[in-house]
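Here are my notes for your first look at this model. Keep the viewer open and go through the points one by one.

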Number of protein chains: 2
Amino acid sequence: MDVDTRLLRYFAVVAEEGSLTRAAELLYVSQPALTKQIRRLEAGLGVDLFTRSRTGMALTEPGRALAERVPALLSGWETALRETRGAASRAARVLRVGFLASAANEATQPIIAEFARRRPGWRAEMRQASWSNPSAGLADGDVDIALVRLPFPGQEALRLLPLFSEPRRVALAASHPLAARETIAFRELWDEPFVAAPAETGRWREYWLAADERDGHPVRVGAVTEHPDDWLTAIANGYGIALAPESAARFYTRPGVVYRPVTGVGPSRVAVAWDPADDDNPVVRDFVRCCRDRHPDRPGGPDGT
Amino acid sequence: MDVDTRLLRYFAVVAEEGSLTRAAELLYVSQPALTKQIRRLEAGLGVDLFTRSRTGMALTEPGRALAERVPALLSGWETALRETRGAASRAARVLRVGFLASAANEATQPIIAEFARRRPGWRAEMRQASWSNPSAGLADGDVDIALVRLPFPGQEALRLLPLFSEPRRVALAASHPLAARETIAFRELWDEPFVAAPAETGRWREYWLAADERDGHPVRVGAVTEHPDDWLTAIANGYGIALAPESAARFYTRPGVVYRPVTGVGPSRVAVAWDPADDDNPVVRDFVRCCRDRHPDRPGGPDGT
DNA sequence: TGCACCCATAACCTGGAGGCATGGACGTCG
DNA sequence: CGACGTCCATGCCTCCAGGTTATGGGTGCA
């Protein structure tokens, strides 16, 4: 009997949630579609996987047996997928470089240029990640190397080479009362609503909300965004304010959004990160060397191309 | 990205064969269908898996990476499938008993009856296997225990308890010249065409062609059959003759087919077989005990129900 | 030059997977 | 006790994926 990994994912979620309705929401499909799929799976196996009741779906004994195996199958496929794509980019002499919007800013261009010089024939494929993905795809194996901002969850499992740090500023709507100020102390912002990263980014989100610099004062979240565009829009619309690296003031400008120096929060550190499995990968090593050689020692001064 | 195991199987065969045309034949689909599927896989992965040429399909480097992983994924799924079905039959108190057409014949009924006595609440689900499957589904995990005829390929990996042996006879068309004879010496049959089992059954097929009792004389195969019905038809139509256990003369009769004693070939041995992993399975042990207790010591004498 | 062998493409058909609306069982609460 | 809420199942519709046959287009070989 053949199955689709999608079907296995569906099954796994239903098994986990114990409810078709809830699982359907998580999976972004309609409940009848899930009903049909699960029944199809059961029919194909010739086995009842769940006992239905008003309280939901409970795994049967054979259902439990299947549920034990499915995660390994799915992650096996994910691994195969990653390996295949990794092999493809190696074969094509492409280094997949993930970066967070606003990660390296001015530093990026010289690093890429240096890499092109050091590795003729190779191409660095730049992939911008959304803020829901603070490792910029490295944790998922989608890229070979990444330019990131520390700290982020999962960084312990990666190699990290810090490149530089830069002060953080606060971005706020031009119409905001504090926008008139030259400099702002962070504690003045404790009660402001913030534009935050998605919740699943954990420590990363905390860091940009400066949760550690609030003396336990709770955070107000006015909006959640994943991309610079939404972020700027949310700030311009006054949904909230946000901390941002100094270089964002040069890279992400928009009428109605201003950046102001802020005291009382630490700087942001930029690093290059890679998978320990690539420690011996000469292309990755070269890229890291490019980063070390080429990161601007003075984070100011955009240098064009 | 989601995939179907079917797609992975397709890919594996194309990778193995190095040719869409040949793979399509093996998979019983049309060549354009395979073309489309493989291209779809490549598109989904965003990776070229093969280089096409007039000589066929050669794996690329990433294609090779995928091909290395796929067998493990497929067998992982097969395992999950078996475990789930096994759990289902345990939960339903069903012992899946595989048997070859004509394996135990008269012995089967008393064994089942004894099992019902010894394990009230349990049910023995009898599954007749075709002759392309001499382990009666045990090798594939489709059944928990099997009544088989020795020898067959793969028996070394199983537990076997021989139950009894019975002489072999020859089945031939009533119109066959030798049908008039009371007894036939096997060497008289060396040049006769035989009705054989499918080639993939290896040693099992050999045994029923009595390849060892021919002094190297080559076998003529007149027809290949998988089921008793085809087998009887082939013999009645004169496509060939065949060896059969003595009990087949009682169980598989048809106008135009006669059975005659034959000298010069060894007897056939019936055994009960199970997976070593089930050595401690009390239900399997019970069934084995039923076999030991209940097999007819005198293979003759049909005893009805 | 014509053929044989591959793979790709085109046109068409069917079934499966999705969506929406609704039904039916059952507990809960006013 | 009846109205409602919460599940999962069903019916109907649409659309796409996967299959088929027929055909095209390279390329080596006789």
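1. Ground rules. This is a predicted model, so keep in mind that local features need pLDDT of at least 70, side-chain atom pairs count only at pLDDT 80 or more, and totals for chains, interfaces and linings use all residues. Residues are numbered from 1 along each chain as its sequence is written, chains are lettered from A and ligands numbered from 1 in the order in which they are written, and side-chain values use heavy atoms, with hydrogens and water left out.

2. Of the atoms of DNA strand C within 4 Å of the protein, 69% belong to sugar or phosphate, and the rest to bases.

3. Gln37(A) puts a polar side-chain atom 2.4 Å from a phosphate oxygen of DNA strand C.

4. Which elements build the surface near strand C? At least two residues each come from α1 (5-17) and α3 (31-45) of chain A, and from α2 (20-27), α3 (31-45) and β2 (56-59) of chain B. Helices (H or I, at least four residues) and strands (E, at least two) are DSSP runs, numbered from the N terminus. The largest share, five residues, belongs to α3(A). By class, this surface has eight nonpolar, seven polar and seven charged residues. Here Ala, Val, Leu, Ile, Met, Phe, Trp, Tyr, Cys and Pro count as nonpolar, Asp, Glu, Lys and Arg as charged, and the others, Gly among them, as polar.

5. Now DNA strand D. Of the 21 residues around DNA strand D, the nearest are Thr21(A), Arg39(A), Ser30(B), Gln37(B) and Arg40(B). A backbone N or O atom of Ser30(B) lies 2.7 Å from a phosphate oxygen of DNA strand D. Look for Lys36(B) too: a polar atom of its side chain is 2.7 Å from a base oxygen of DNA strand D. The element giving the most to this surface is α3(B), with five residues.

6. The five-stranded sheet. In chain A, five strands form an open sheet in the order β4-β3-β5-β13-β6, with mixed pairing. β4 (123-129) and β6 (159-166) stand at the edges with a single partner strand each, so one side of each has no neighbour in the sheet. Two strands pair if DSSP finds at least two bridges between them. Strand β3 (residues 94-100) of chain A runs parallel to β4(A), joined by seven bridges, and Leu95(A) stands opposite Ala124(A) in β4(A).

7. The four-stranded sheet. Chain A also has an open sheet of four strands, in the order β8-β12-β7-β11, again with mixed pairing. Its edges are β8 (184-185) and β11 (242-245), each with a single partner strand, so one side of each is left without a neighbour in the sheet. Strands β7 (residues 168-173) and β12 (residues 257-263) of chain A pair in the antiparallel sense over five bridges, with Arg169(A) opposite Pro261(A) in β12(A).

8. A helix pair. The axes of α5 (residues 108-118) and α9 (residues 282-294) of chain A come within 9 Å and cross at roughly 130 degrees. Axes are lines fitted to C-alpha atoms, for helices over the stretch in contact, and angles run from 0 to 180 degrees between N-to-C directions.

9. Most residues other than glycine have a negative phi, and most peptide bonds are trans. A cis peptide bond joins Leu150(A) and Pro151(A), with omega about -5 degrees; Pro151(A) is in the loop between β5 (145-150) and β6 of chain A. In chain B, a cis peptide bond joins Leu150(B) and Pro151(B), with omega about -10 degrees. Arg93(B) is not a glycine, yet has a positive phi of about 55 degrees; find Arg93(B) in the loop between α4 (61-91) and β3 (94-100) of chain B.

Definitions and conventions:
A residue is near a molecule or strand if one of its heavy atoms lies within 4 Å of it. A polar contact is a pair of N or O atoms within 3.5 Å; within protein, one must be able to donate a hydrogen and the other to accept it, and residues adjacent in sequence count only if both atoms are side-chain atoms.
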